[in-house]
Amino acid sequence: MKLLASIDLILEKIISWLLYLFVAILVLISFSQIILRNFFDSSITWGDVFLRHLVLWIAFLGAAIAAKIGRHIKIDITHRLLPKKFGKIILIFTLLFASYICYELMLASNDFVFTIIDPKEILFLQIPTQSFIIIIPIGYGIILFRFLLNAIFLSNEIYNNNWEVEENIN
Amino acid sequence: MIKIFLIGILLFLGAPLFTIIGAFALLGFSSIDTPSVAIIAELYRLASQPVLVAIPLFTFAGYMIAESNAPKRILNFTQALLGWLPGGLAIVVLSVCAVFTAFTGGSGITIIALGGLVYPILISEKYDEKFSLGLITTSGSLGLLFPPSLPIIIYGIVSEVSIDKLFLAGIVPGVLLIVALSSYSIYKGVGEKVEKHKFSFKKLFTATREIIWELPLPILILAGIYSGWVTAMEAASITAVYVFIVEVFIYKDLNFKTDLPRITKESMVLVGAILMILGAAMGLTSYLIDAEVPQKLFEIVSQYVTSKWLFLIVLNIFLIIVGMMMDIYSALIVVVPLIIPIAKQYNIDPIHLGIIFLTNLEIGYLTPPVGLNLFLSSFRFKKPITQVTIATFPFIIILLVVLVIITYIPEISIGILDFVGLN
C-alpha cells in the first residue's frame, strides 16, 4: 500500500512538471506564431501541428490528475439525492468499472499507435507521428492505474471502518 | 440489452462520463464487428481541429482572471458606471457575472467567486433577501453566450460550425437575456425603495484607473475576432499572454512561483476532463452515425412532430431536462451530434440551434430539482435548496420567455451575421 502511494506521488510530480512545461510552450509558441504571421509575414511551418499534438498531451496529463482527485465529469444526481452512507461502496464500484473501460481504451489505442499508424510516418522535422500519439495509450494507462489505486485506498478505508466520503475524492 | 441497462445504471451512480461514453462506443463497435481501434482513430481526428488549441489557452486565462482580484475591480468599475440607476446594483451584478462567466466558462465558478462578494452588498443596500438569492443564482450561468465562452467553442467543434460566427450570433441573445433580467431588477428596485446612489465622476475615474489594464481585454477579443484580424485560436493565445502579464507583473495579484503552478494544474484538470469526454464521444458519434441512429430517431420523431415549431418546443423541453441533469460540456458533446442531423431535416440553422442549445443549458442550471446552480448557491450561502429554488423562480420565468423569443425569431441570433456580411 505504501509503495503504491509513493509511486503515485512520484508520478504526480512528473505529471505536474510536464504540465507546467507544456502549458508554457503552448502559450509561447502560439503567441510567437501570431507575431511572426502579422509582423514578419512568416511562421513556424510545423507550429500548428505541433501545438495541436501538444494539447493532446496536456489533455491526457490533466485527465490523469483529474483521475486522482476525482474531478472527472460525471452525472452526480445520486450524490445529490442518495444518503451519504452508500457513497463509498458506489464509488468503488464505479471506479472499477471506469478502470476496466480505460483498460479497453488503452488496448485499442495501443493498437492504433503500433498497427494503424505507419512507424515511418513523419509528423514534422523527422519526428515520427508515433512518438507524439504514444501519449494516448500511456494516458489511458495512467488514468487506469489511478482509478484502481483510488478503489484500493477506499476499500482499505472501509476495511478500517471509515465510511465517510471525504470531499476531495468524491 | 442488459449491458446497455447496466451502463445506464453506472451512469446514474456517477461513473466518470467519459468511461460511460467509451463503454457505449466499445459496445457499439463490437456489435457491428468493427475493431475498437476505430474509437481511437476518431479521437485522433481531434488533433486536426485548429480550434482545439483555444481550449487550454482560454481556460488558463479564465482561471488566472478568476484567481486574481479582477472580480473586485470589475465590480467596482461596473458599480461606478451603472450603480446610480434604480435597481442599479442588481444590474451591476448581472453584468459583472455575465462578463465573468464568459471568461471562466461558467462551471459554477461565478457563484463561488463572485457570489460571496456581491451578496453582502446587495443585502446591505436593502435588497430583499429572496430577490438577492435568486439574482445571484441566476447570474451564475449568465454570459455563456458571450465570447470567449468555452461552451460556444465546444459547440463549434462538435457541430463543425465556425466559432467566429457563433461568437457573433451569441451577442444579441445574450444582451437580450441581461436586459430582460435588468428590467425586472429595475422594477423591483423601484418597488422596494432600495438605496440609491448618485453618479460620481470621481468614483468612476478611480475605478476606471484601477481596472485600466483589464478593460481593453474584452474589446481586444471582440474587435480582434470580428474584424477578422485574428482567429479564435489566436485570440485565445493573445488573451492568455495578456492576462498573464497583467495579473502577474502589473497588478501582481498572482505570484509566479506559488499561484501559477496551482492555477495551471487546476485549469488543465478541467481541460483534461472535457477533452476526455470529447475524445470518447468522437468514437461514439461516429458509430451512431454509421448505424444511422440520427436518421432512425428522426423517423420516430417525425411521426409525432410534424412541424418545425412543434419540434422546437419539444427540443426546448428536452434540452432543459438535459441541462438540469448534465454539466454543460457533456451535454453539448453528447447531445449536439444527435440533434444536429434531425434539426437539419426541420430546416433549423446550426448556428441558431447553437444559441438555442446554450440558452437552454443556461436555464437548465437553474431548473429544480437538480440544477447545479441551486446546489452551489445553497452551499455558498448556507440556505436550504427549497428556499433557493423559490427565490430563483421568477427569474426562470423571465429566462423562459426570452428563450421562446430567441427560439422562434432566428433573426435575433443570425441577423447580425447578415448585417456584417458573414452569412
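This note sets out points on the fold, the core and selected residues of a predicted model.

1. Basis of the model. The model is predicted: local features need pLDDT of at least 70, side-chain atom pairs count only at pLDDT 80 or more, and totals for chains, interfaces and linings use all residues. Residues are numbered from 1 along each chain as its sequence is written, chains are lettered from A and ligands numbered from 1 in the order in which they are written, and side-chain values use heavy atoms, with hydrogens and water left out.

2. Fold of chain B. Chain B has 22 helices and 0 strands; helices (H or I, at least four residues) and strands (E, at least two) are DSSP runs, numbered from the N terminus. Its radius of gyration is 22 Å, close to the 22 Å from the globule rule for 423 residues, so chain B is as compact as a globular protein of that length. The radius is taken over C-alpha atoms, and the rule is 2.2 Å times the number of residues to the power 0.38. The C-alpha trace of chain B spans about 70 × 45 × 45 Å along its principal axes.

3. Burial and contacts. Of the 423 residues of chain B, 60% count as buried, that is, under 20% relative accessible area (1.4 Å probe, protein chains only). Among contacts in chain B with a separation of 6 or more, 79% join residues 24 or more positions apart; a contact means heavy atoms within 4.5 Å.

4. Nonpolar core. The largest nonpolar core holds 212 residues, of which Ile143(A) and Ile153(B) touch the most other members. Such a core is a set of buried Ala, Val, Leu, Ile, Met, Phe, Trp, Tyr and Cys residues joined through side-chain atoms within 4.5 Å. Helix H15 (residues 259-290) of chain B gives the most to this core, with 18 residues. Leaving aside residues up to four places away in sequence, Ile143(A) touches residues including Phe60(A), Cys102(A), Phe18(B) and Met276(B).

5. Helix H8. In helix H8 (residues 129-139) of chain B, 9 of the 11 residues are buried, so the helix is largely enclosed by the rest of the structure. Among the buried residues are Phe131(B), Gly134(B), Ile136(B) and Ser139(B).

6. Val53(B). This residue lies in the loop between helix H3 (37-45) and helix H4 (54-67) of chain B. Val53(B) is buried, with a relative accessible area of 1%. Not counting residues up to four places away in sequence, Val53(B) touches Leu26(A), Leu51(A), Arg52(A), Val55(A) and Met233(B).

Definitions and conventions
Buried < 20%, exposed > 50% of the residue type's maximum accessible area, 1.4 Å probe, protein only.
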